[in-house]
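Visitor: I would like to learn how to read a few features of this model. Could we go through them one by one?

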Amino acid sequence: VAILFLLCAVQGFRPAILYPIAGALLVAALAVRLRRGIGIRTALRLPPFRLDESLLAGALTVAFVILLLVNLLPILAADAAAYHLTVPRLYAEHGGFREVPYNVYSNWPLAIELLYGFAMQLKDHRLAQLVHWGFGVLTVLAVYRFARQQRGHYTGLLAAVQLLANPVVFVECCVAYVDLAFGFFFLKAF
């Protein structure tokens, strides 16, 4: 995000500059991951099969697949259309920060909007919505991991299901707002 902010500040928020930087960061992240030898199974520490846990995990999986499909629809929520996606789109079109008349929020870009701008440089607003959906998935996984460390695998799954069952969280997974991303960052900081 700091790199995206810097590129926007110097009007370098363009695909020709973004793609090589993103590629280098991705290669570096993969190298660190491989060097540590951490795989998905190691990170999640999957326990032996139990029916009750499998039902909870299945419910989470089905909910996230449904939310993924909803995010692929070309529907924009009001707030996303007014600010959360419009301002980053304008940054992407103009190669960096740009004042937007009558929109005071364009003067203080948030980290998540910069990520949306990057996603829109790659594709369109649906990819930006998928970024927010991804933060929803990461938030639920973070709650799962925290609760699992406290009381075990079943408690972690139950906490994750309860979080996603909250109507506000569920709806937030369908639109490109910033709340789930902020929730994820605050939870990880905690």
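Guide: Gladly. Let us begin with a definition: a disulfide is a pair of cysteine sulfur atoms within 2.5 Å. Please keep in mind that this is a predicted model.

Visitor: How many disulfides does the count come to by this rule?

Guide: The count is zero disulfides. Take C174 as a case: the closest cysteine sulfur, in C173, is 6.7 Å from the sulfur of C174, so the pair is too far apart for a bond.

Visitor: Is C174 buried or exposed?

Guide: Buried means under 20% relative accessible area. C174 has 19% relative accessibility, so it counts as buried. C8, at 0%, counts as buried as well.

Visitor: Now the cores. Which residues touch the most other members of the largest nonpolar core?

Guide: The idea is a set of buried residues of nonpolar kinds, joined through side-chain atoms. Here the largest such core has 32 residues, and those touching the most other members are L60, F64, L67, L85, Y116 and L164. Two or more residues come from each of α4 (51-71), α7 (111-122), α8 (125-151), α9 (153-165) and α11 (179-189). Of the elements, α8 gives the most, with seven residues.

Visitor: What does L67 touch, leaving out residues up to four places away in sequence?

Guide: On that basis, L67 is in contact with W133, L164, F170, C173 and C174. There is also a second, separate core of 11 residues, with L7, C8, L18 and V87 among them.

Visitor: At what angle do helices α2 and α7 pack?

Guide: To read a helix pair, look at the angle and at the separation of the axes. Helix α2 (residues 15-36) packs on α7 at about 105°, and the axes are 11 Å apart. Angles of 65 to 115 degrees count as roughly perpendicular, which means that α2 is roughly perpendicular to α7.

Visitor: Which residues meet where α2 and α7 touch?

Guide: From α2 come P15, L18, Y19 and A22, and they meet F118, Q121 and L122 of α7. By kind, the residues of this contact are six nonpolar, one polar and no charged.

Visitor: One last residue, please. Where does Q129 lie, and is Q129 buried or exposed?

Guide: Q129 is part of helix α8. Its relative accessible area is 2%, so Q129 is buried. Leaving out residues up to four places away in sequence, Q129 touches N71, L73, I75, L76, L85, C174 and A176.

Notes:
Residues numbered from 1 in each chain as written. Predicted model: local features only at pLDDT ≥ 70, side-chain atom pairs only at ≥ 80, totals over all residues. Heavy atoms only, no water. Core = buried A, V, L, I, M, F, W, Y, C linked by side-chain atoms within 4.5 Å. Buried < 20%, exposed > 50% of the residue type's maximum accessible area, 1.4 Å probe, protein only. Helix = DSSP H or I, 4+ residues; strand = E, 2+ residues; numbered from the N terminus. Contact = heavy atoms within 4.5 Å. Axes fitted to C-alpha atoms, helices over the stretch in contact; angles between N-to-C directions. Parallel < 35°, antiparallel > 145°, perpendicular 65-115°, else oblique. Nonpolar A, V, L, I, M, F, W, Y, C, P; charged D, E, K, R; others polar.
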